[in-house]
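Let's take a look at how this protein is put together on the inside. Have the sequence and the 3D view ready, and follow along.

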Amino acid sequence: MSKKDLLTDYEPVRRRRSSNADAPTEFTSRPAPEISIPAESKATNAVLHEKRSASAATLFKRGHGLTYVGLFLFTLVLYFRPYELIPALSSLTSIAFWIAIPTIIVFVITQFSLEGNLTARPQEVNIVLLFVGTALLSIPLAINAGEAWEAFNGSFIKAVAMFIIMVNVVRSERRLRALLWLALAVSV
């Protein structure tokens with residue numbers, strides 16, 4: 001694997017308007033932004049520009065690398081459930097929770113530093129957020145509001161959170177392929 005492949009593991013999302021005004025908004029990848037450097041001397045400016053642009057390019061192209069590792073480990077533990085197969089690990093039944101918490105924290109910090117917002121907003125994320133709003137509004141109208149809240153707070157909101165993290169973290173074919181191979185390996 002070349003160094004270039006390692007650096008292009010993350011593709012930021014931006015909105016692109018089509019020429020037709022009635023057509024839906026498309027989301028496409030964009031290259032990492034260039035960093036401008038104040039002019040000093042030619043030699044110093046060239047060295048500084050090379051260092052800063054290389055570190056910024058690495059940061060933007062490898063974005064969410066640590067979050068992806070956390071997501072991969074979370075998925076591995078969730079699918080494989082090592083505490084059910086190995087009796088010595090039976091005390092680690094909440095290991096998925098303890099992997100998810102740092103993953104979410106790292107995701108939020110990285111997402112704000114990379115893109116300045118909590119999530120990219122493709123149509124899928126907007127629809128899921130609409131589902132969340134609808135679910136919240138339906139809780140007071142439920143026959144048993146406590147049970148509705150437990151269902152919302154139990155599995156639904158966790159699935160939504162992981163979906164939003166996956167949309168923001170798994171933006172390259174390589175990352176998606178690794179998660180698919182993991183699911184296939186666990187299924188076998």
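## The main core

The largest nonpolar core has 14 residues, and Leu71, Phe74, Val169 and Leu179 touch the most other members. A nonpolar core here is a set of buried Ala, Val, Leu, Ile, Met, Phe, Trp, Tyr and Cys residues joined through side-chain atoms within 4.5 Å. Buried means under 20% relative accessible area (1.4 Å probe, protein chains only). At least two residues of this core come from each of H3, helix H5 (95-115), H7 and helix H8 (173-187). Helices are DSSP runs of H or I with at least four residues, strands are E runs of at least two, and both are numbered from the N terminus.

What does leucine 71 touch, leaving out residues up to four places away in sequence? Its partners are Thr103, Met162, Met166, Val169, Val170 and Leu179, with contact meaning heavy atoms within 4.5 Å.

## About the model

This is a predicted model, where local features need pLDDT of at least 70 and side-chain atom pairs count only at pLDDT 80 or more, while totals for chains, interfaces and linings use all residues. Residues are numbered from 1 along each chain as its sequence is written, and side-chain values use heavy atoms, leaving out hydrogens and water.

## H3 against H7

Helix H3 (residues 65-80) packs on helix H7 (residues 145-169) at about 135°, and their axes are 10 Å apart. Axes are lines fitted to C-alpha atoms, for helices over the stretch in contact, and angles run from 0 to 180 degrees between N-to-C directions. That angle makes H3 oblique to H7: under 35 degrees counts as roughly parallel, over 145 as roughly antiparallel, 65 to 115 as roughly perpendicular, and the rest as oblique.

On the H3 side, Thr67, Tyr68, Leu71 and Phe74 make the contact, and on the H7 side Met162, Ile165, Met166 and Val169 do.

## H3 against H8

H3 also packs on H8, at about 15° with the axes 10 Å apart. The two helices are therefore roughly parallel to each other. H3 brings residues including Gly65, Phe72 and Tyr79 to this contact, while H8 brings, among them, Arg175, Leu182 and Val186.

## The whole chain

Stepping back, the protein has 8 helices and 2 strands, running α-β-β-α-α-α-α-α-α-α from the N terminus. Of its 188 residues, 26% are buried.

Technical notes
Buried < 20%, exposed > 50% of the residue type's maximum accessible area, 1.4 Å probe, protein only.
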